[in-house]
There are 4 protein chains.
Amino acid sequence: MIHFDCDYMKGAMPEVMNKLVETNMLQTPGYGADRFTAEAEKAILDFCGITDGKVWLLEGGTQTNATVIDASLASYQGVVAAETAHINVHESGAIEASGHKVIVIPSKDGKIDAEILQNFLKSFYSDSTWPHMVPPGMVYISHPTELGTLYSLAELEGISKVCHDAGIALYMDGARLANALASEESDLGITDIARLCDVFYIGGTKCGALFGEAVVTAKPEMFPNFFTIIKRHGALLAKGRLLGVQFKTLFSDNLYLKGGRNALEKAFRLRDVMNRHGYRCFIDSPTNQQFFILPNEDIKKLSANVSFELWGPMLDSETPVRFVTDWGTTDEEIDILDQELDRLRE
Amino acid sequence: MIHFDCDYMKGAMPEVMNKLVETNMLQTPGYGADRFTAEAEKAILDFCGITDGKVWLLEGGTQTNATVIDASLASYQGVVAAETAHINVHESGAIEASGHKVIVIPSKDGKIDAEILQNFLKSFYSDSTWPHMVPPGMVYISHPTELGTLYSLAELEGISKVCHDAGIALYMDGARLANALASEESDLGITDIARLCDVFYIGGTKCGALFGEAVVTAKPEMFPNFFTIIKRHGALLAKGRLLGVQFKTLFSDNLYLKGGRNALEKAFRLRDVMNRHGYRCFIDSPTNQQFFILPNEDIKKLSANVSFELWGPMLDSETPVRFVTDWGTTDEEIDILDQELDRLRE
Amino acid sequence: MIHFDCDYMKGAMPEVMNKLVETNMLQTPGYGADRFTAEAEKAILDFCGITDGKVWLLEGGTQTNATVIDASLASYQGVVAAETAHINVHESGAIEASGHKVIVIPSKDGKIDAEILQNFLKSFYSDSTWPHMVPPGMVYISHPTELGTLYSLAELEGISKVCHDAGIALYMDGARLANALASEESDLGITDIARLCDVFYIGGTKCGALFGEAVVTAKPEMFPNFFTIIKRHGALLAKGRLLGVQFKTLFSDNLYLKGGRNALEKAFRLRDVMNRHGYRCFIDSPTNQQFFILPNEDIKKLSANVSFELWGPMLDSETPVRFVTDWGTTDEEIDILDQELDRLRE
Amino acid sequence: MIHFDCDYMKGAMPEVMNKLVETNMLQTPGYGADRFTAEAEKAILDFCGITDGKVWLLEGGTQTNATVIDASLASYQGVVAAETAHINVHESGAIEASGHKVIVIPSKDGKIDAEILQNFLKSFYSDSTWPHMVPPGMVYISHPTELGTLYSLAELEGISKVCHDAGIALYMDGARLANALASEESDLGITDIARLCDVFYIGGTKCGALFGEAVVTAKPEMFPNFFTIIKRHGALLAKGRLLGVQFKTLFSDNLYLKGGRNALEKAFRLRDVMNRHGYRCFIDSPTNQQFFILPNEDIKKLSANVSFELWGPMLDSETPVRFVTDWGTTDEEIDILDQELDRLRE
């Protein structure tokens, strides 16, 4: 059985695991007051080209989204997002749990568009009843999106300008950021992201860490008492140095990007293999999530030896599916998939 | 200047006001433990044909929706609604304030459809990732809807069946219920509503009271400690008898329905006048809210002597507007509107 | 039967009721955008000696506390209060419902002490683990307190200084403010309150209005989008002018203070009567709530013709009770109480 | 420098770490649907003597408390706790963040007493104003408590009976449970806990795991959709098997108890050493947290080579401090402390 279900099926990159073992019996202060966390913060800020910024290390993506968005919004404000946004679909209402509405605006392939956003804001405030509505206080985007797509530099500049002209914050969910940064198609670099977003997170869980996400901002003054907010959200790891050790390792020797590059390389081979076997793409994704439309019969047969995810409920005759690669995917695994697909035709 | 902006511009029906004056210096226990409240409850349950039910009197619509929905849902559940639902648009996030997502499903003219609802539920639970999503615990409908439209008996039976087959509650926002019950077009009576919905409210504020909404249920066992929940929502009136006196009066001598009948009669005359002057309806509404599309120039001119509401932001050349009648609208007011429209053409 | 249970057993002062009747059929814009509300705001700001302030009119006390405190605090902050504070005891958790902890510090007779507050704050921030705790963002006091006691000018100056030195807001719950302002013992005037508190409310419900509380601040910049916050809390009255009419009337012809003066005068007569009959005070209260300790047997007998409240659960042999007077209490009622007490001894 | 600050300064027990390394490159389904998690659940239920129970693995203590308590309470209910309870002091308001009040009742040495609890409940419901208050829905205890103390079997039976007679749930925070179970003084075993509490958690973070807490219940029907609630609280680990691997290891070969025994053995040696040097205990603790009162001067000197925690803010001349041992504390560390204390007297 080979697995392409998702990018959180293995543990951590061996280099990360080794460092955890190596430091295991050290005694350090709790809650991120250790030197590894300080070193990780410095490495990440350097990577992002931020001089006076701040990094906080949290445990998982939903938790990070809920904590950052809650910290950024006034009680009565909402967060603007695409309909497909993770916060709108797959976080069991963690944003609403803190009292905030997810305000959905039209999107395409998981991406928000600057012009549509601007029109929404204009329309919102030109409706005289807006004080009875939920005012937007932040825009949430993901990069790569939940559909594997990427923002270009121009697109992010556009969104950032609309947000800042309107006085609302821009937040990027980078759960799979390694895959965006490793993309040769993308002209959007980490320093652009650090400059254009008010806050974003660099995903660890899906990009080589055991677990962990690094929240980064070049505007720490926007986040007073963020430590307390993390604690209140149940998101403060007692042994914070576990996150410090991991992120310090990921941001040494270019390890984070290496992981992303492997995921992309294998994703593109996988796509070629699938296309060659006649399966068309459901979405045109330049990253490590690849979506195809498969006849239900093929889904059933292939599932005997290959695991992957249905993308939504099973439809009548054919259904979209998702294959995901990661830092550890091997050529052998793609070869086996190829052979399994050959066998399907026998 | 004549006013058709909304149905909460005047005070209360004179009969209601008289009773408040008459009882003003009486001393009664607070928080609804008075005899007027008990009499109002009895009158309302009789009106609804409910034997072992319960009525709670609250102050306003948003408050009532927030309180009832919060009382009905488990912490992690959401409430299904049309995109145009008051709870989704015009309550400043009062539902999310209690931690609950408003789950929007496709709707038409403000109405939810049983089949679409059933498909949504089927699709939701056949998606294997649903435990990461917000499970629906209640369906919210308004009758009349925010667009003035009405459910038929068959439609409500359909929705009720889908809800109860799925084990979720059905709630009707009756802010303007008098106008639905007074409609001769409608085959949906109050006893049907009381039988098909788990809980609903009979609107007072827009239907003859100074303020107040009566929450009604034939299943009081679904709402343990509702008094405490009302208090927690800041929705408990100290002098609860003010609500008791009003609702007792509204449900004596058929007053509630009389108010609705006047509103409808005047609304239909108003629609005729508008149509006769060449303004087409934006929505086909059988109740006291009438929607038309007006050239922006006419909007501007007419506004000098007649007040009404833009329905959304002002558009480029013509814009939807809303005219509203109520229990106190007079034929003279419609006549004046007619004359003003004549003058517009001069 | 005569009633001293509480100060919300009657309707409104006749002058207030008359104005509501007089204006009943006028049509005005909703949600406080009417001229009566504007006039009430002006009258109240004048009364408070505030030049550039803001007044918002809400419906009830718990609602007002929840709305103001939620608007004032960051999501993770708490509000400091006495153990006996209404927000800590009798609001069904309305403060926690918005996510905020009520932080109890030692108090005496319902009052917070500046020095104890200062020591609490000092101790809090000198505990190195404070970022794991709930930081105070506001101090809540009531005046008169829940036990009928009053702050002196010096006491309020002390508390205000501690708050502002620490950068936290000071809020006064004035549910019964008329009784404080009417007190000849008190050296704390409304202009002092307006200067020393960041925000406070002038109670209407218990001081002559049908219902309603006026939130007042001389620092409106502290409360951006407060209208939306009111709506979100379900605290926005559709026919806002009902509140405007009432408060405009209460703050014309000194009516508000006249009501307070009557309540105090009758409270002191009542206290004399009770003392003369041998019942000692449970708390020494200079306002309209008077507390006595009564043998349980006397409670039972007296209750046949006089209603009043047990102050807490019934104890073994004697139990504290509360008698309350208001703007409408008459000398005849005190006389009857006197006679009933005489009869008790027969 | 030697460290006695707390029991979360090191990583995991070597056996746990080895298993994480060994399983690192395996691919398993996410979110706890893996075989290690299933095996851990079985091992834990066996350990607890539960037949038809359920175990959920979460990441940290505050998160676990917030999730379990939120899942157990109706929206308007509160949780009863000692003043010193972790949820009341050191969780940054995580309980209130879900809308629930922490209801403090008198306690001694961190422990709740059955009789005091019963009196509180009796007094609460005999106060006629209780529907305006926050009704208790759960009792929270910690074992060992935050002060290192332990409940006896008789004490827990008493509390459990009071809770269940009153229809409210009993929850035990077992962040340091290994230290309680390893105590020879204690007559309260894990099967008693499983029988007397409705839900409890077995702490991993402070007892040998890298991180993780195991929520256990013999009454899974009390927790419908708990998976979704975990997700909503941001408490669902993507690579859930990391928790499964750890807990499976901890509950093999008696490892969990071995860790507790080492912690206790070293704690008692430490206490002897401290007492021998003339420092009296601040609290009489039978577990791995030991509290002493030290002159401020000694605190300062000793801190040069030994780290430990101040217990609250620094007082005038002497201050309570806390020393903590764990599964990994060695005799050499105690010896060094002894020598350092000798040197203090030189």
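The legends below accompany close-up views of a predicted model.

**View 1. The largest cavity and the residues around it.** The structure holds 13 cavities of 30 Å³ or more, and the largest of them has a volume of about 250 Å³. Its lining is made up of 20 residues, and those lying nearest the centre are A:Ser98, A:Arg232, A:His233, D:Arg232 and D:His233. Two or more lining residues are given by each of these elements: helix 3 (61-72) and helix 5 (94-97) of chain A, together with helix 3 (61-72) and helix 5 (94-97) of chain D. Helix 3 of chain A provides the largest share of this lining, namely 5 residues. By residue class, the lining of the largest cavity divides into 11 polar, 6 nonpolar and 3 charged residues.

**View 2. The interface of chain D and chain A.** In this view 43 residues of chain D are in contact with 43 residues of chain A. The size of an interface is often given as the accessible area lost when the parts come together. For chain D and chain A the area buried between them is about 3,900 Å², with 57% of it on carbon and sulfur atoms. The count of salt bridges between chain D and chain A is 0, while the count of residue pairs in polar contact, with both residues at pLDDT 80 or more, is 22. On the side of chain D that touches chain A, at least two residues are supplied by each of helix 1 (14-22), helix 3, helix 5, helix 10 (226-232) and helix 11 (241-250) of chain D. The residues of that side of chain D comprise 19 nonpolar, 16 polar and 8 charged.

**View 3. The interface of chain A and chain C.** Here the contact takes 18 residues from chain A and 18 residues from chain C, and the two chains bury about 1,600 Å² between them, 57% of it on carbon and sulfur atoms. Between chain A and chain C the count of salt bridges is 0, whereas 10 residue pairs, both at pLDDT 80 or more, are found in polar contact across the interface. Helix 10 (residues 226-232) of chain A gives the most to the side of chain A that touches chain C, contributing 5 residues. This side of chain A divides into 10 nonpolar, 5 polar and 3 charged residues.

**View 4. A salt bridge within chain A.** Side chains of opposite charge can pair when their charged atoms come close. Over all chains the count comes to 92 salt bridges, and the pair shown joins the side chains of A:Asp198 and A:Lys219, with an N to O distance of 2.5 Å. Because A:Asp198 lies in the loop between helix 9 (190-196) and strand 7 (199-203) of chain A, and A:Lys219 in the loop between strand 8 (213-217) and helix 10 of chain A, the pair ties together parts that are 21 residues apart in sequence.

View 5. In chain A a cis peptide bond joins A:His143 and A:Pro144, with omega about -10 degrees, and A:Pro144 is found in the loop between strand 5 (136-142) and helix 7 (153-166) of that chain. In chain D a cis peptide bond joins D:His143 and D:Pro144, with omega about -5 degrees, and D:Pro144 is found in the loop between strand 5 (136-142) and helix 7 (153-166) of chain D. In chain B, B:Asp109 has a positive phi of about 50 degrees although it is not a glycine, and B:Asp109 is found in the loop between strand 4 (102-105) and helix 6 (114-126) of chain B.

How values were computed: Residues are numbered from 1 along each chain as its sequence is written. Chains are lettered from A and ligands numbered from 1 in the order in which they are written. This is a predicted model: local features need pLDDT of at least 70, side-chain atom pairs count only at pLDDT 80 or more; totals for chains, interfaces and linings use all residues. Side-chain values use heavy atoms; hydrogens and water are left out. On a 1 Å grid over the protein atoms alone, a cavity is a set of points where a 1.4 Å probe fits but cannot get out, and a pocket is an open set with protein on both sides within 12 Å along at least five of seven lines; lining residues have an atom within 4 Å of a point. Grid points are joined across faces, edges and corners, and a volume is the space filled by probe spheres set on the points. Helices (H or I, at least four residues) and strands (E, at least two) are DSSP runs, numbered from the N terminus. Ala, Val, Leu, Ile, Met, Phe, Trp, Tyr, Cys and Pro count as nonpolar, Asp, Glu, Lys and Arg as charged, and the others, Gly among them, as polar. Contact means heavy atoms within 4.5 Å. Buried area is the accessible area (1.4 Å probe) that two parts lose on being put together, summed over both. A salt bridge is a side-chain nitrogen of Lys or Arg within 4 Å of a carboxyl oxygen of Asp or Glu. A polar contact is a pair of N or O atoms within 3.5 Å; within protein, one must be able to donate a hydrogen and the other to accept it, and residues adjacent in sequence count only if both atoms are side-chain atoms.
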